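Me: Could you walk me through this model, starting with its pocket and then moving on to a helix?

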Amino acid sequence: MSASAPGRTARHYLMCEPTHYTVSYEINPWMDKTRYTDVELALQQWRRLRDTYLDLGNTIETIDPLVGLPDMVYAANGATVIDGIVYSAKFRYPERQPEGPAYQKWFADRGYLTHTAEQINEGEGDMLFVGRTLLAGTGFRTDRAAHREAAALFGIEVVSLELVDPRFYHLDTALAVLSSDVADPQVAYYPDAFSAASQEVLAELYPDAVHAVEADAVALGLNAVSDGENVVVAPAATHLAGALRERGYTPIPVETTELLKGGGGAKCCTLEIRPAL
């Protein structure tokens with residue numbers, strides 16, 4: 001029998017308005033610096049996403065965007081926050097490296113306990129918390145050594161997953177956390193984004209997972225945000241939306257097509273702040 005949505009939990013998110021958004025360099029297959037980017041449209045889509053979260057009863061905080069950091073809008077990449085502890089990002093590409101300290105300073109200025117990463121990692125882009133397990137991606141952006149560093153810092157189990165398709169360069173483009181209910185954690189993912197060994201791991205951990213088709217994945221439908229009941233998802237991911245409905249979730253389509261030009265969707269724009277237990 002299929003699993004069903006366990007129930008909603010209000011969330012606390014950090015976001016960054018795309019005031020300086022553009023595609024001025026190319027560090028993933030989605031980016032094309034010769035393609036026009038519409039900042040006003042990006043702002044409209046981002047504000048619609050923020051307002052959707054607020055309408056659902058979530059708490060939103062924002063970090064000031066910095067000139068020269070167009071990808072700062074992808075807040076999920078800025079850190080990983082579990083039990084009130086902040087593990088800073090340490091970006092692979094020079095173009096994004098100043099983002100890690102900027103996000104870490106935001107948390108430190110507000111009294112959070114922060115840890116400066118020694119190993120290359122791109123925050124929640126490659127680290128997704130499910131139940132009491134941290135799923136950690138590697139293959140393109142985050143080093144396996146960062147998985148060990150995160151395990152030691154948070155004191156939780158970390159499961160490494162290898163990404164093999166460059167279109168899905170971060171774990172959060174290939175896998176979505178639907179519920180972090182400890183008794184019934186649920187995910188959706190695109191199997192072909194992962195190595196054969198990692199597919200076996202996911203099948204064992206989540207036998208009732210939602211499997212996305214390629215059309216869902218290339219719309220970045222898995223770059224979704226769930227509160228355990230409502231799932232903010234790309235409108236083009238129609239197969240995924242149908243599968244979510246069958247499981248008892250409520251898909252909420254929110255367009256992020258302009259932000260997709262930089263390789264991100266709803267989840268990329270959304271860093272979850274998980275308080276101390």
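Me: Happy to start with the lining: which strands each supply at least two residues of the lining of the largest pocket?
Reply: Keep in mind that this is a predicted model. At least two lining residues each come from strand 1 (12–15), strand 6 (127–130), strand 9, strand 12 (225–226) and strand 15 (271–272).

Me: What is the volume of the largest pocket, and which residues are closest to its centre?
Reply: The volume of the largest pocket is about 640 Å³. It is lined by 34 residues, and the closest to the centre are Arg 11, Phe 129, Ser 180, Glu 272 and Arg 274.

Me: How does the lining of the largest pocket divide by class, and which element gives the largest share?
Reply: The lining has 16 nonpolar residues, along with 9 polar and 9 charged ones. As for the largest share, 5 residues come from strand 9.

Me: Now to helix 6: why are its buried residues on the same side?
Reply: The buried residues of helix 6 (residues 238–246) are Leu 240, Ala 241, Ala 243 and Leu 244. They sit on the same side of helix 6 because the arc they cover around the axis is only 165°.

Me: Which residues are exposed on the other side of helix 6, and what covers the buried ones?
Reply: Thr 238, Arg 245 and Glu 246 are exposed on the other side. The cover over the buried residues of helix 6 includes strand 10 (186–189), helix 5 (214–218), strand 14 (250–253) and, once again, strand 9 (175–179).

Me: What is the phi of Gly 248, which follows helix 6?
Reply: Gly 248 comes after helix 6. Its phi is positive, near 95°.

How values were computed: Residues numbered from 1 in each chain as written. Predicted model: local features only at pLDDT ≥ 70, side-chain atom pairs only at ≥ 80, totals over all residues. Heavy atoms only, no water. Buried < 20%, exposed > 50% of the residue type's maximum accessible area, 1.4 Å probe, protein only. Helix = DSSP H or I, 4+ residues; strand = E, 2+ residues; numbered from the N terminus. Arc of directions from axis to C-beta. Contact = heavy atoms within 4.5 Å. 1 Å grid on protein atoms, 1.4 Å probe; cavity = no way out; pocket = protein on both sides within 12 Å on 5 of 7 lines; lining within 4 Å. Points joined across faces, edges and corners; volume = space filled by probe spheres on them. Nonpolar A, V, L, I, M, F, W, Y, C, P; charged D, E, K, R; others polar.
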